[in-house]
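Student: I would like to learn how to read individual features from a set of coordinates. Could you take me through them one at a time, with the general idea before the case?

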Amino acid sequence: MNLQDYERIKAEALELFDKANIILTEEEKNGVEVADFGLNKIEDTGLQLITYVNTDLVCAKELALLPNQTCPEHKHPKRDFDEGKEETFRCRYGTVYLYIEGEETKNRTMNPPQGDEEYYTVFNEIILHQGEQYTIYPNTLHWFKAGSDGAVVSEFSTRSTDESDIFTDSRINRIPEIK
């Protein structure tokens, strides 16, 4: 991703945080991470986030998804120090369509990004509206997508080690370079 696209997406994420009434310091605004997962399809597949705290025990983040943007399928596996990351998503703005392992939802609301369907394998749909939350347990495959207005999600979890996440799509590079 080039710097111009990075800054544009970051500005869109800040607008979403504002719509969700998330108050950020200037340092937090400057530190928004734009993750395109190395796919260079940020409008379809990506995530914008702020990490407030990430200690050995807890992590708190804000996640912004652009309209119809998808965070790709992944899981948080067992680590040397625990059974894997456990996370609770609380929807603050918009609607989030979360897909986890379990019985496939018939007539689900959302589909994976066009052309990448082969990298999505779980389709048990959980819909989160503003104020609703859901806990994802360690080592559970999941992916999520924003509705047409975009979405903001507060994430509360055990320690986050993004580099240990396992993605279904082997093309994904969680921490790619900005050019």
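Tutor: Let us begin with contacts, where the word means that heavy atoms lie within 4.5 Å. Please keep in mind throughout that this is a predicted model.

Student: With that cut-off, which residues is Ala-60 in contact with, leaving aside its neighbours within four places in sequence?

Tutor: Ala-60, which lies in strand β3, is in contact with Ile-50, Thr-51, Tyr-52, Val-53 and Glu-155 once those neighbours are left aside. The C-alpha atoms of Ala-60 and Glu-87 are separated by 9.4 Å, although these residues are 27 places apart along the chain.

Student: Is Ala-60 buried or exposed?

Tutor: Buried means under 20% relative accessible area, and Ala-60 is therefore buried, since its value is 15%. Val-58, in the loop between β2 (47-54) and β3 (59-65), counts as partly exposed because its relative accessibility is 44%. Together with Tyr-52, Val-53 and Leu-57, Val-58 forms a nonpolar patch on the surface, and the four have about 360 Å² of accessible area together.

Student: How should I read a salt bridge, and how many does a search of the whole structure find?

Tutor: Side chains of opposite charge can pair when their charged atoms come close. The search of the whole structure finds 14 salt bridges. One of them joins the side chains of Glu-26 and Lys-29, at 3.4 Å from N to O; both residues lie in helix α2, 3 residues apart, which is about one turn of the helix. Glu-26 counts as exposed, at 52% relative accessibility, whereas Lys-29 counts as partly exposed, at 30%.

Student: Which parts of the chain does the pair of Lys-61 and Asp-162 link?

Tutor: Lys-61 forms a salt bridge with Asp-162, with the closest N and O atoms 3.4 Å apart. This pair links distant parts of the chain, as Lys-61 is in strand β3 and Asp-162 is in the loop between β8 and β9 (166-167), 101 residues apart. Lys-61 is buried, with a relative accessible area of 5%, and Asp-162 also counts as buried, at 15%.

Tutor: A further salt bridge is the one in which the side chains of Glu-155 and Lys-85 meet, at 2.9 Å from N to O. Here too the pair links distant parts of the chain, with Glu-155 in strand β8 and Lys-85 in the loop between β4 and β5, 70 residues apart. Glu-155 counts as buried at 3% relative accessibility, and Lys-85 counts as buried at 4%.

Student: What does a search for cavities of 30 Å³ or more find?

Tutor: A cavity is a space where a 1.4 Å probe fits but cannot get out, and the search of the whole structure finds 2 cavities of 30 Å³ or more. The largest has a volume of about 150 Å³ and is lined by 18 residues, of which Leu-47, His-74, Glu-155, Asp-162 and Asp-165 lie nearest its centre. The elements that give two or more residues to this lining are β2, β3, β4 (70-75), β5 (87-100) and β8 (142-157), and the largest share, 3 residues, comes from β8.

Student: Finally, where is Asn-21 found, and what is its phi?

Tutor: Most residues other than glycine have a negative phi. Asn-21, found in the loop between α1 (3-19) and α2 (26-30), has a positive phi near 60°.

Key. Residues are numbered from 1 along each chain as its sequence is written. This is a predicted model: local features need pLDDT of at least 70, side-chain atom pairs count only at pLDDT 80 or more; totals for chains, interfaces and linings use all residues. Side-chain values use heavy atoms; hydrogens and water are left out. Patches are made of residues with over 30% relative accessible area and no salt bridge: like charges are joined within 9 Å, nonpolar side chains (Val, Leu, Ile, Met, Phe, Trp, Tyr) within 5 Å. Accessible areas come from the Shrake-Rupley method with a 1.4 Å probe; for residues, only the protein chains shown count as cover. Helices (H or I, at least four residues) and strands (E, at least two) are DSSP runs, numbered from the N terminus. Buried means under 20% relative accessible area, exposed over 50%, partly exposed in between (1.4 Å probe, protein chains only). On a 1 Å grid over the protein atoms alone, a cavity is a set of points where a 1.4 Å probe fits but cannot get out, and a pocket is an open set with protein on both sides within 12 Å along at least five of seven lines; lining residues have an atom within 4 Å of a point. Grid points are joined across faces, edges and corners, and a volume is the space filled by probe spheres set on the points.
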